[in-house]
Structures are given as structure tokens and as C-alpha cells.
Amino acid sequence: MVIAPAPATPYHRLARTLAFRWWQPVLGTLFIVVAGVIVAIAGFFAVTLAALIAGRPEDADGVPAFGPLPTLAASFLLIAALLPLPLLAARLIQRRPAGTLSSVTGRLRRRWLLTCLPVAGGAIIVFLAAGMGLATATGEDMGLGDALAGWGPFAVSMLVLVLVVPLQAAAEEYLTRGWLVQAIGTGNPWLPIGVQAIVFASLHGWGTPWGFADLIVFGAVAGWLTVRTGGLEAAIALHVMNNLIGAGLAAAYGDLTVDETATDMPWQLALIDLPVLLAYAWVILRLARRFAIAEVVPPGSFPSPPAPGIPAPFSPLRPSDEFIETAHTILNTERARLATLLAGVPHELMLVGGSSVRGALTKGDVDLHLRTPPEAFGHAVELLGGVYRVVHPQIWQPTLATFAVNAPLPTGVAVTPAGSEHDVRFTRAWQRLSSDPALLRAYNDLKLASRSDIAAYERHKSAFFDSLVSQ
């Protein structure tokens, strides 16, 4: 069964569905590596055998080859042949829609990709023009004075490049910014972004220190844009234009080879590339805001998973409007109780949880949040222990204590020092849910999608609240 991600899930967490297990990213990565090696070896021998049968001469490595352009095209196509592997790993091993590698909507957003392409093209032209100009001015021979290949050979080369480069670039993006980012999938996206950037640079070889560092920066910017825009489109656009225009320039001089990669670039180009990449990211983020490009899974993007049996403790979900008046009555009752109990201790008791927001789905329980100054937290917890029953002691933290309250509805109170991590999580998350109908719908969808599995619901809820607090 394919399980879709919950609403409001960010891109780097899309693999964390109800079906997620810790071993899936490991097995999926192993599958991609092994299958990729098999594809590469089979492809190499197929091309070499064809060249041998055709009687083609040997290249510099002593291997029969069809020449620079066919060899380059074959190399790109071998990389492109890896594209189905992460999609298969997501679908068959992680049991999620393969399209979640493309974006938070479960598909490649073509209109957004087409919007990014000209921006990427402009960025690469500026990068090459300024970088080669600086290199020439500082005494680097960039070969601009060499003889041109001519319109005929150039046109043939560009035709081949247009056919193979998009597939090659997309395959690399799905493998690094797609699979690796989501396979690691930690709450903080910078860890997967950093890891995939290093892997991306390493796959291109060492070259010069400047070139290797530039590829890491390229991978980090592309990874950051992938997370911030909820999909691979901006990264694919930049990668395609970088390879297409760079290779096109080499084709103009008849210098298309597979011997050099981006890691071989001189320091002058690497120096220019940094501000160009940052400028591209800035423009893309502005366009993403302008066109309301989804950064997290929008409500209704995927059908809710079936719920054949709803456990009694998690059923039924009802509109909070049925309980909200009673919840406020409980709030006022406990405020009066605590005014006496905590006399002289500054505090604030708030109503949070599903029963605090009209339109939310809830089980009918009531969540109270007691905030105290940090220096009064321990004393307040001690006093509350005399009137309330301790619950969930296993989740207690130096900044969190939980109690059960005797009330007409199942009621609990969480105590936090003001300004602590747990305090911010409770207050900011419910403030956002109460003021943003779209977020509230996403939260309701999350509950409906996860109601057959309480443990999964808690995982998805935690990720959802992480996204609320971090934004």
C-alpha cells in the first residue's frame, strides 16, 4: 500500500509517512548504488562493444569509441538512466508516491520549472561572462582566441546537448537534492542539505580546491532552494542551464570532452559564482512568494490513507465547537483554583489544543498551558503536585511538567517556564493555528489521515508543530 505524506509536511520530511521505518533509507540507498553500478557497467560495455563492432578507433584510454560528441552523449545518457532508481526506491521500498521526490504536491510543477529556467539561464550567462572576463584579465588562458568549430558542427552538438543534458541534470537532482535530502530527513534541513552537497561535489571528482568548493556551494544553494520552494524545479533549472550553456560554449570551440568537470574550474570563476548563486536564490525565493509556490504539502494534495479500524481512544473526532464553551468553563475554574494555589507566584493559564480553536477537530479533551517565570517553575510544579495527578512522567523535562485535572471533560495541564522551548512550541503553534484557516485545515487533514495509527499520528503531529514553530 502506498502511503502519502501528511498535510503541512516540508519537502525534506516527505519520506516520513505512516509507512516509514528507519531501515528504508538505508535499503533504498543500497539499492540505488548497486543498481546504479550495474547500469553503468552494462552501459559502458554496450557502448564499447558497439564501437568495437563498428571498427571505431581507440580513444586516449585505449578503448574503442565513437568520438568526443557521441562519448559525451553516452556518458550523459548513462547518468540519465539512473533517474528511475530513486523513484523506484521511494515507491517500492518506502511505500510512498514516487512523485514526492519531485515536490510537495507529488508531481513536477512544470509551470514553476518554466518560470525558473530563464532566471537560471540569465544567472549562468552572467557567471560565465564575468568569470571568464576576470580570468582573462588576471592572465588565465580561457581559450577564447581559439578557432571556432563552425555553424554545422556547433548545431549538431547543440541538438545532442538539448536532448541529453536535461535528463542528465534531472537524474543528478533526483539522486542528491531529492533522494539524499529526504533519506536523511532530519528535522533541521541543513544536515541533509550539507551532506548531499558534499556527495554531489565528490561525484564530480576532486579537480581544483576552488572547483570542488564551488560545487559544494552549488549543491548547498540548490538544496536550500529545494527545501524552501518545496520541490526540485529551481535546482533542476539551474543545473540544466549550467550544463547546457557551459557545454554549448565548449561546443562552439569544438572542445566537448568528458575529461574535465566543474571541479576543474579556476579560482576566478569560483569567485564570481558565489554572488551569482546567491542572487539566483534571492530572485527565485521572491518569485516563489509572488506565485505562492507551496513549501509544504498543501491540504488535499494526496488522498487520505484508508482507516479500516479506528482505535477507541482516538475516536471519534468531533468539531471543537461542541466542546469549546465547556473548555472555557474548565479554564475559568482552574484559573480560580490556581489564583489561590499560586498566590504570589506570577503565572498565566491558557487554553490550547484542539478544543481552543473553533473549527478544529478534537477528541473532546481539554489542554491547558500554565506559564511561569523560569525562576518560579520548580516551585509551581511542586505546588501543583499537591492538587493534580502527575501524568506522563516519562516525557517530563527540566522545562516541562504534565498533570491531569479533574474536570467535566478529560483535561490535562502542561507547565513550562516562559520563553523555554516547550513554552514557545505551545504558544506559537496554537496562535498560528487559530489565526490561519489554511493551517487549521492542514491540521485537521493530518488528524483524519492518521487516525488509524496513534503512534503515526504523534510522529506527524510532532513534525507539523516543528514546521509551525520554525516558520
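Here is a short tour of a predicted model, stop by stop. Residues count from 1 along each chain as its sequence is written, and side-chain values use heavy atoms, with hydrogens and water left out. Local features need pLDDT of at least 70, side-chain atom pairs count only at pLDDT 80 or more, and totals for chains, interfaces and linings use all residues.

Start by selecting Glu233 and Arg109: they form a salt bridge (a side-chain nitrogen of Lys or Arg within 4 Å of a carboxyl oxygen of Asp or Glu), with the closest N and O atoms 2.8 Å apart. Glu233 sits in helix α8 and Arg109 in the loop between α3 (84-93) and α4 (110-137), so this pair, 124 residues apart, links distant parts of the chain. Helices here are DSSP runs of H or I, at least four residues, and strands are E runs of at least two. A search of the whole structure finds eight salt bridges.

Next, pick Asp255, in the loop between α8 (233-252) and α9 (267-290).
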